[in-house]
Amino acid sequence: MMTKLVFVIFIFLLTSCWGETSTVVTASNDSYPSHEIKESNVENRIYFCEYCGKKFHSIKDLATNLCKRHPDGAYNGRHKLYEGRTKKFYECVYCGKDAKSIADLTANKCKYSPIGGSHRPRL
Ligand SMILES: [Zn+2]
Ligand SMILES: [Zn+2]
């Protein structure tokens with residue numbers, strides 16, 4: 001009879017231990033969705049072309065399309081990824097002119113450009 005009681009207590013302790021383990025697993029499962037949201041934010045990132053300021057949702061799209069403001073001539077090459085940070089103003093590396101977007105800045109020719117091209121955003 002005494003042995004049976006000890007056995008029951010043992011089983012009780014064992015199951016309560018399992019209960020704790022499953023709680024830990026649930027907690028780590030809860031943190032998983034927020035990790036997924038972070039990853040989808042990365043996918044929603046917008047990439048800009050340094051020559052024309054066009055927006056792309058993937059680097060692949062950017063690198064496979066021809067750029068109308070390519071330095072070698074319109075549609076003479078592909079877009080180039082702007083690798084600088086997103087800013088409030090983009091400044092031309094040659095003349096210092098600034099604009100609110102890369103597209104605005106590169107829309108005009110820069111008279112100080114060594115290749116006679118458009119303004120070029122500083123990274
Ligand atoms: Zn471009
Ligand atoms: Zn300029």
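This is a predicted model: local features need pLDDT of at least 70, side-chain atom pairs count only at pLDDT 80 or more; totals for chains, interfaces and linings use all residues.
**Exercise 1. The zinc ion (ligand 1)**

Find the protein donors of the zinc ion (ligand 1) and work out the geometry of the site.

*Solution.* 
- Start with the donor atoms: SG of Cys49, SG of Cys52, SG of Cys67 and ND1 of His79 coordinate the zinc ion (ligand 1) at 2.0 to 2.3 Å.
- Next, look at the angles. The 4 donor atoms subtend 105 to 118°, and four donors count as tetrahedral if all angles lie between 85 and 135 degrees. The arrangement is therefore tetrahedral.
- Now read along the chain, where the donor residues are spaced C-x2-C-x14-C-x11-H. Cys52 and Cys67 link distant parts of the chain, 15 residues apart. Cys52 sits in the loop between strand E1 (47–48) and strand E2 (55–56), while Cys67 is in the loop between helix H2 (59–64) and E3.
- Finally, check the burial of this pair. Cys52 counts as buried because its relative accessibility is 5%, where buried means under 20%. Cys67 is buried too, with a relative accessible area of 0%.

**Exercise 2. The zinc ion (ligand 2)**

Describe the site of the zinc ion (ligand 2), then decide whether Cys95 and His119 are buried or partly exposed.

*Solution.* 
- The donors here are Cys92 (SG), Cys95 (SG), Cys110 (SG) and His119 (ND1), and they lie 2.0 to 2.3 Å from the zinc ion (ligand 2).
- Angles among the 4 donor atoms run from 102 to 118°, and the site is tetrahedral.
- The spacing along the chain is C-x2-C-x14-C-x8-H. Cys95, in the loop between strand E3 (90–91) and strand E4 (98–99), and His119, in the segment after helix H3 (102–106), are 24 residues apart and link distant parts of the chain.
- With a relative accessible area of 31%, Cys95 is partly exposed. His119, at 7%, is buried.

**Exercise 3. The aromatic pair**

Identify the aromatic pair and classify its geometry.

*Solution.* 
- The count comes to 1 aromatic pair, formed by Tyr82 and Tyr90.
- The ring centres are 5.8 Å apart and the planes make an angle of 75°. Planes over 60 degrees apart count as edge-to-face, so Tyr82 and Tyr90 are an edge-to-face pair.

**Exercise 4. The largest pocket**

Characterise the largest pocket by its volume and its lining.

*Solution.* 
- The volume of the largest pocket is about 150 Å³.
- Its lining has 14 residues, and Tyr51, Pro71, Ile115, Ser118 and Arg120 lie nearest the centre.

Notes: Residues are numbered from 1 along each chain as its sequence is written. Chains are lettered from A and ligands numbered from 1 in the order in which they are written. Side-chain values use heavy atoms; hydrogens and water are left out. Donors are N, O and S atoms within 2.8 Å of the metal (3.2 Å for Na, K and Ca); water is not among the atoms, so sites may look incomplete. Four donors count as tetrahedral if all angles lie between 85 and 135 degrees; four count as square planar and six as octahedral if opposite donors are over 155 degrees apart and all others between 65 and 115; anything else is irregular. Helices (H or I, at least four residues) and strands (E, at least two) are DSSP runs, numbered from the N terminus. Buried means under 20% relative accessible area, exposed over 50%, partly exposed in between (1.4 Å probe, protein chains only). Rings of Phe, Tyr and Trp (its six-membered ring) pair if their centres lie within 6.5 Å; planes under 30 degrees apart count as stacked, over 60 as edge-to-face and the rest as tilted. On a 1 Å grid over the protein atoms alone, a cavity is a set of points where a 1.4 Å probe fits but cannot get out, and a pocket is an open set with protein on both sides within 12 Å along at least five of seven lines; lining residues have an atom within 4 Å of a point. Grid points are joined across faces, edges and corners, and a volume is the space filled by probe spheres set on the points.
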